[in-house]
Amino acid sequence: MWDYTDKVLELFYDPKNQGEIEETGETGVKVATGEIGSIACGDALRLHLKVEVESDKILDARFQTFGCTSAIASSSALTEMIKGLTLDEALKVSNRDIADYLGGLPEAKMHCSVMGQEALEAAIYNYRGIPLATHDDDDEGALVCSCFGISESKIRRVILENNLTDAEQVTNYVKAGGGCGSCLANIDDIIRSVQQESAAPNLNNYGVKVATEIVTSKQQALTNVQKIALIQKVLDEEVRPVLIADGGDVELYDVEGDRVKVVLQGACGSCSSSTATLKIAIEARLQDRVSKSLVVEAV
Ligand code: FES
């Protein structure tokens, strides 16, 4: 018998916001859905958001899940937490926030909170027409656990965000390692790698500065011409196809130091969420691929 908090049991016996939200054609409102997990793996969560287009505010949130007590409680908690938030505010909700709202979750059930956070991210990215980063083209995106389809980047993220220190914890949070077990040694290596990065001088506990300095040193190795060429390449290959598919586009206008000036075109130019598009689709991608210090602005 799991040792659940009163809040987990309350939301399990009396779940909030269960069900789906259907598109009704209501003016100024859109419905977004994010789905995570698979029934074959035991847990699946589908999250529906009703978003006010003008303000980007979440008017309603509902969920459907094939999960256990903690999956239902985590989904209920998440939907309660995000109602009334803007999409950008909701993106800041972490799996740890969901667990905290519940007064904690048994360690072996933490994957339910991770599933909630991922479904939320999926719904918001779907709404914005942005594919979730898979990093299939780099080493960090390499598949580590084939039983559960978990990549290295996902494992690194959960280690960093939750300060995990052993493979069993990683299994509890994202299930990797919980099948045949053949990936456990790789997970141990990833944990050691993250710990080494975090232990380096002048780095914080979560290795955030490590990542920054790696990218920064990459940037320092680039001449200005190389940096501009790399920005253009990322825009052409990773950003523009997504925007074009949604009726928009972006053109690189100028680069002044770390300020990247772009011209949004088509649907992007007149879209009320163009600022969010800039931040999420363009700035975040350029920071990831070129330099953490880049700031994107529309001209
Ligand atoms: S490959 Fe990870 S548990 Fe089987």
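Tutor: Two residues are in contact if their C-beta atoms, placed from the backbone, lie within 7 Å. This is a predicted model: local features need pLDDT of at least 70, side-chain atom pairs count only at pLDDT 80 or more, and totals for chains, interfaces and linings use all residues. Numbering starts from 1 along each chain as its sequence is written.

Student: Which residues is Gln-265 in contact with, leaving aside neighbours within four places in sequence?

Tutor: Gly-248, Asp-249, Val-250 and Glu-251. Val-250 is 15 residues away in sequence, yet the C-alpha to C-alpha separation is 5.6 Å. Gln-265 belongs to strand 7 (residues 259-266); helices (H or I, at least four residues) and strands (E, at least two) are DSSP runs, numbered from the N terminus.

Student: How many residues of helix 7 are buried?

Tutor: Seven of the eight in helix 7 (residues 167-174). The buried ones, among them Val-170 and Tyr-173, pack against helix 5 (110-128), strand 5 (150-151), helix 6 (152-162) and helix 8 (184-199).

Student: Which residues touch the most other members of the largest nonpolar core?

Tutor: In general, nonpolar side chains tend to be buried together in soluble globular proteins. A nonpolar core is a set of buried Ala, Val, Leu, Ile, Met, Phe, Trp, Tyr and Cys residues joined through C-beta atoms within 7 Å. Here the largest has 51 residues, and Ile-155, Val-170 and Ala-176 touch the most other members. Helix 5 gives the most to this core, nine residues.

Technical notes
Buried ≥ 20, exposed ≤ 12 C-beta atoms within 10 Å, placed from the backbone.
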